[in-house]
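Biologist: I've got the sequence and the fold open on my screen. Can we walk through the strands and the ligand site together?

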Amino acid sequence: MHELIVRGGFPLKGTVKVKGSKNAALPIIAASLLTDEPVFIEDVPDLLDVRDMLAVIGSLGASVKYSHTDEIITVHSLKLDSVEPPGYLVQRMRASFLVLGPLLARLGKASISLPGGCAIGSRPVDLHLKGLAAMGAEFSVSGGFIEGKTAGRLRGAHIYLDYPSVGATENIMMAATLAQGTTVIENAASEPEIVDLAGFLNSCGARVSGAGTNSIRIDGVLDLGGTRYAVIPDRIEAGTLLICSAVTGGDITVTNLVPEHLNPLVAKLRETGVNVEEVDYSAIRVTGNSQTKAVDLKTLPYPGFPTDLQPQFSVLLALSKGTSMVTETVFENRFRHVDGLLCMNADIQVEGSHAVIRGRQNLSGAPVLASDLRAAAALLCAALAAEGITVIGEIDHLWRGYSCFEERLTALGAKLQRVKISKSEHSDQAQA
Ligand code: EPU
């Protein structure tokens, strides 16, 4: 366990390059189980979630090499000898459920621990199972495990998702690549990470079209081959950095991003009065404005405002003049950063899926606890902007999704220090 000591109040300045996308890399790693040929995945950031996903596919028999310095992963799933990833990994990271589709498609069976609730909400998997069942998979639940099996090859099907779930779209899309016949997913998720997964699958010889729209068609093939593929830049990391610039009154240029992926954030930043400049086709510069104003915000599936940036954007609203209303529609429990922000003198009232934020001139440093990945990112944004010192406990959550983040923020002028704390200190903090 670690905590992060942040001395706030320094405008961040400079240029920073975005790393590869966590939420694109995780399904692509799962998809590498679909082929018995070697797969090279480039631009994969060194994150706790990536390491966990590699441990999951390694536990199934895939051979995995990760060159941390080059950020290249080599996966060779020549022979898979297990269909049951360890329960503790599935519990720790829900994305490990994404091996279900590939296992059913390749081996015709899978046994996966039921992913329980998590900090940001209950997050069921009913849509994953319904879609795969329409393709001929049968499921039973016993002893906390979901057992899935198919009689022979999966069959293409016409699937309508009740909600455009990212994970369900990914699981069904992966399974459908090796199914007999054509699968159409209606009301599919259209996030850039879905488009990236389709790009990876097609580079292995799959026939996926329509990714990025709400209707995806997959014509099944007999087998997939190896490939070399680079994942897209992480739009959430990019957005977090742009918000860090806005809240510290800084001047940061974020490079290696896809501006289109950040349209919803850029629109909202401009509405608050922050200066946003598209420097070129892969860079955005944000210059802070000390007089930002309140705006209302609603999270939605892409191309709506991403839930993964709502906590960080709320920090900007906590420092903007007037009253903002934030409505969270994707996860039921994504206001866990608010407790920490209240300790830092923010004025926020949460009722159900709404947060009413009354802007203050300043936030002040305080001891706070990070409860999940994006809450950790939000508290870090707040700490960088606040007067005085903030100590963020349980900062390890941050490393699930942000690689070398302290080092990169330090290069922009942040004053940070990571401290390792003992188990007893940690339990004292948790009780406090
Ligand atoms: N849902 C269901 N049934 C299902 C699946 C989802 O009811 O079978 C509900 C969920 O409970 C949730 C909503 O649908 O309320 C959205 O879930 P979705 O399946 O779209 O999300 P996910 O696949 O679990 C991915 C990202 C999340 C990101 C969401 C939304 C990965 C590994 N995770 O999760 O990322 O917030 O899409 O964009 O891609 C993060 O990076 O911090 C993170 C949580």
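Biologist: In E22, which residue is the bridge partner of valine 6?

Modeller: Start with the strands: E1 covers residues 2-7 and E22 covers residues 389-393, and the two pair in the antiparallel sense over five bridges. Strands here are DSSP runs of E with at least two residues, helices are H or I runs of at least four, and both are numbered from the N terminus. Two strands pair if DSSP finds at least two bridges between them. In E22, the partner of valine 6 is threonine 390.

Biologist: Before I go on, what sort of model is this, and which pLDDT limits apply?

Modeller: Residues are numbered from 1 along each chain as its sequence is written, and side-chain values use heavy atoms, with hydrogens and water left out. It's a predicted model, where totals for chains, interfaces and linings use all residues, local features need pLDDT of at least 70, and side-chain atom pairs count only at pLDDT 80 or more.

Biologist: Which strands stand at the edges of the sheet, and why is one side of each left without a neighbour?

Modeller: The sheet is open, with four strands in the order E21-E22-E1-E23 and mixed pairing. Each edge strand has a single partner strand, so one side is left without a neighbour in the sheet; the two are E21 (367-369) and E23 (415-420).

Biologist: What about E16: which residue there stands opposite glutamate 277?

Modeller: E16 (residues 283-287) pairs in the antiparallel sense with E14 (residues 251-255) over five bridges, and there isoleucine 252 faces valine 286. E16 also pairs antiparallel with E15 (residues 275-280), again over five bridges, and a hairpin of two residues joins E15 to E16. Opposite glutamate 277 you'll find arginine 285.

Biologist: On to the ligand: which helix gives the largest share of the shell?

Modeller: H1 (22-31), H5 (126-134), H6 (166-177) and H12 (373-385) each supply at least two shell residues. The largest share, three residues, comes from H5.

Biologist: And why does the ligand lie between two domains?

Modeller: Domain bounds here come from an automatic or database domain assignment. Both domains give residues to the shell, so the ligand lies between domain 1 (2-19 + 233-431) and domain 2 (22-230).

Biologist: How far is an oxygen atom of the ligand from the side chain of aspartate 308?

Modeller: We're talking polar contacts, pairs of N or O atoms within 3.5 Å. A polar side-chain atom of lysine 22 lies 2.9 Å from a ligand oxygen, and a backbone N or O atom of leucine 127 lies 2.7 Å from one. For an N or O atom in the side chain of aspartate 308, the distance is 2.6 Å.

Conventions
A polar contact is a pair of N or O atoms within 3.5 Å; within protein, one must be able to donate a hydrogen and the other to accept it, and residues adjacent in sequence count only if both atoms are side-chain atoms.
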